[in-house]
Amino acid sequence: MKKRLGIISLFTLLFIAFIAIWNYSYKKGLEEAYIPITNGTPVLEIPSEKGVFTRSEFALEYLNMPVDETHQRSLETYYNNRAYPGAPPSIPHPLLKGERGIGGNACLQCHQNGGFVEKFNAYAPVTPHPELINCRQCHVAQKVETLFTASNFAKANAPKVGVNNALLGSPPMMPHDIQMRENCLSCHAGPAAPKEIRVTHPERINCRQCHVPDTREYVDVEIFTRTNSRQND
Amino acid sequence: MPIKSYLAHPHSGKKEQLIQALSSIEQCEIMPAQNKEVLILVTETENESEENLLKEKLETINSLKLLALVSGFNTPKNN
Amino acid sequence: MYTSQTNRRSFIKKMAMLSAMTAAATMFPGILFADQQEEGIPNSANLDWKKGPCRFCGVGCGILVGTENGKAVAVKGDPNSPVNKGLLCVKGYHQTMCIQSKDRLTHALVKKNGQYIKTPLNEALDIVANKMKETIEKHGKDAVAMYTSGQSTIPEGYVASKLMKGAIGTNNLDCNARLCMASAVAGFLTSFGADEPMGCYEDIEHADYFITWGNNMAEMHPVLFSRMLEQKSRRGAKIIDFATRTTRSSTASDTSILFEPQTDLAVANAICYEIINNGWVNRSFVEKHCNFSKGLTNMGYGLEDNYKFKDKPSTIDFEAYKKFLEDYTPEKVAKYSKVSVKDIKYLAAIYGDPNKKVVSYWCMGMNQHTRGTWMNNLVYNIHLLTGKISQPGNGPFSLTGQPSACGTAREVGTFTHKLPKGVVMNEKHRRLAAKIWKVPYERIPAKPTYHATEMFRAVDRGDIKFIWTQVTNPLVSLPKTSRYRPGMEKDSCFVVVSDVFPTPTSDVADVILPASWHIEKSGLYGNSERRTQHWDKMVEGPGETTPDAWMTIEVAKRMGYGDLFPYSEENHVEEIYNEYRQFHEGAKHGMAPLEVLKKESGVIWPYVDGKSTQWRFNAKYDPACSNGEDFHFYGKPDGKAVIWQRPYEPAPEVPDATYPFWLNTGRVIEHWHTGSMTRRIPVLHKAMPSAYAEFHPEDAKALGIRNGENIKIISRRGSCILPASINERGLPTKGQVFVPFFDENMMINDVTLDAFCPISKEPDYKKCAVKVEKA
């Protein structure tokens, strides 16, 4: 009797242990499967200007940017490739990776770091926004030269070079908007930069220390005159 | 076509004279530093023998204290 | 790749030249070749270039101004200046454009029946002198006051001090540097007994780490920041940004650490805790060169009129200090500072690593702080504990915001308690001043009177009946202008304003005196790194504009003090400087003779035996060290620096349910201080036409505010309407609003709080509580 009781209690004990362990592991399993819900979506917490300082990993050294005069672009070809100043440039060459190539598999291979491309006999312009990889959302190829119907669209005049400084020899102001083009050096430095706007001192990095935007012309900012009025009066 | 670049150090206070002397030599191109006593010299000659002649010429300049070679290139002759 | 031979040759030549330039740059840091700035200047332009310091911030860049036919037409960086090595910022390049502004004050204006009447300068000066004399006769010496500036030249500050303290005999002289540098001064004096940084800008070329405390150097000290960026790309030096707001500097730095306003006190203590706890203390340095002290706590915030405070320091030992720090373990501090334990330990490890050279930079974030003096002390503690001080590439460096905050406000001493050497409370210092000024020693009062904030409170109360402001715009720059503007408008006080342009301050003046701008007069400025710089007059000013120093002298003469001011109009700058130099004779503060300053692009004091002293207190560089050790902190009688026990205390006004946001104010790169100059430069005004209020995107979303929409910021003191700016120039932390203060049409200082540091009396513009409404 004693023996039987012992065996029964042993099994009961084992059974209880089994239930406890099973329960515990079941709960654990549930826990692992549970994905906590975070409240709210994180907002981009970086000022829009940060692009000024970002560079791609294998970008050219500031101090050793070669100048190759036979393969440089000019401002004319630069603006010819855009529908209007500030428009996303179109793709002026056949797509090397075919129609389905995207981002890092295709365009960014040349356009992230830049460099000479034998096939097109040119240096690849560097993109100011490599983090946006759906390139062809904005940049389209030019397959034909003809138009569907004639258009009256008149291209606005591109800003001029060499007329943007306020004093003799003072650093020129930026005559264009910089949205999507916060990284100045992608167009203004390196062998792919149009020769007219290639900067002599890319290593300075903090471009907006000396060059401030002059884009507010469009909203017609008057010369500062005192009005004697405070807005909060 | 040897092309070489040097850092040319003048004797103290003789930077102007050195600039004068070097810029009078045809094969030399100079770029003086604005705020230091040193200037960059790039020489371009047709061949080795001309290069040697130039070197002798450079050595006779009094205001030159030290000429330090930085880089040298040799391009094919057919030009 | 096909290239023609000729092109290939010129390409190789360029490469050869480039490699030589690189080699030269490694051998001679800061070397400059043919100036690209000059390329834009046509050869036909026959410009006459003259050197001087920049008019704007405390960095003190050397500029060259090109004049043609008596007009300033171009500005470039002075390649010989060790400060900027030929580079300037956008303000510097365009500075001379403001003098041609159409609303320039060219003649004296005297208010008669509510109208400003153009008056000959001589008559206006008569009125000022008579009014000053009359006020003194009727109400006593302490009823007249002068409020000058960290932008005054050394001679201007000197004659102001001599007139008020030496001739009239009142300490009613303070300056706007009280609003920007006072905490730095109090920090230096309490920790080292001698004002101004021990190091110099050359530290940048030696340091491995730059830690910036609440300081957006990319916009506020851009030329120095460029020097840091250069070291970052060249040597891999690291920039750590420790701030309450994500700025242009944060995005350019290697690490950006954000903290909750006011908790910098706790984080600094936590860093010290970690340094001690990990055994990173430089024991021999601390034993030989440091004492430990504590002062009073719960000092209050100076919000009430006539607030008085005097610290009572007492010596403690290392064990007591260690015990005190136990309240500041990284774990405890992380809870309220919102800085992670990891980040605190990371900062401590940088300071603690004996093989890494660290420079700390700060400016208004730490100085405009109700515990500004403490905060300065705490950063010195970190550098003293680790012995990383007074050596090339190692040291704390307090930056200044005004071109002569050091040279004039601090060295000449245009504060109520200061004399050109020492303080009014010290009999020896008073005797020296009396001797050089040739006045009876009893005339200089031994008790300081009003500091800036209290001075304008006294104007409001009616205690001050006459005030003369020079080179400053207090009704835009003071905190809580909502009180001080009506205060100055009262008839009880006669207001004289000397300025170059009309400002909200000149709007309330009874007499407006037309001042010469920067390059229209000769002068001397002293920058943050103790560099004294001289410039000669370059162009003629319009109308009857006159240098401020000369107007002060003219008034002094009219008041009957002519014999104390025997200077000539043509040569007064030189004569005054030579007299002033006598105050600082000796190895500890010797100033360079004028002939040297005329030749060189500035010279660092102490200037001993024809040499600048770049690192003070270090026997290797500083001839004033005399204790036979490696270091000598000779500012203190026992030659030892002080490590201060300073706790964390909360800000006087913190966000609550009604006023849920912190308000932080500051500057932008395009504008300098109250914008009276930079807003008159078309380039800069177009780039930044008005102030704005920065929000965190989540706060903006919660409030339903869109970018550019007008919003109203309201505090217990006043309100201000501005356009919102979301994710543009900068990004405040959640629960914080940032507004630049340059815009006189959107006066954010109507909203700010006039609480100040009880020790330095410097107001805190960085923290008060506000609520936000759509306008």
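Two residues are in contact if their C-beta atoms, placed from the backbone, lie within 7 Å. By that rule two pairs of chains touch, and chains A and C share the most contacts. Chain A and chain B do not touch; their nearest C-alpha atoms are 15 Å apart.

This is a predicted model, in which local features need pLDDT of at least 70, side-chain atom pairs count only at pLDDT 80 or more, and totals for chains, interfaces and linings use all residues. Residues are numbered from 1 along each chain as its sequence is written, while chains are lettered from A and ligands numbered from 1 in the order in which they are written.

Now take chains B and C. Here 21 residues of chain C meet 20 residues of chain B. The chain C side has 13 nonpolar, four polar and four charged residues. Ala, Val, Leu, Ile, Met, Phe, Trp, Tyr, Cys and Pro count as nonpolar, Asp, Glu, Lys and Arg as charged, and the others, Gly among them, as polar.

Next, look inside chain C. Helices (H or I, at least four residues) and strands (E, at least two) are DSSP runs, numbered from the N terminus. Helix H22 of chain C spans residues 481-489. Its buried residues are C:Thr481, C:Ser482, C:Tyr484, C:Arg485, C:Gly487 and C:Met488. Buried means that 20 or more other C-beta atoms lie within 10 Å of a residue's own, with C-beta atoms placed from the backbone. The cover over these buried residues includes helix H20 (452-461), helix H21 (474-477) and strand E17 (494-499) of chain C.

Notes. Buried ≥ 20, exposed ≤ 12 C-beta atoms within 10 Å, placed from the backbone.
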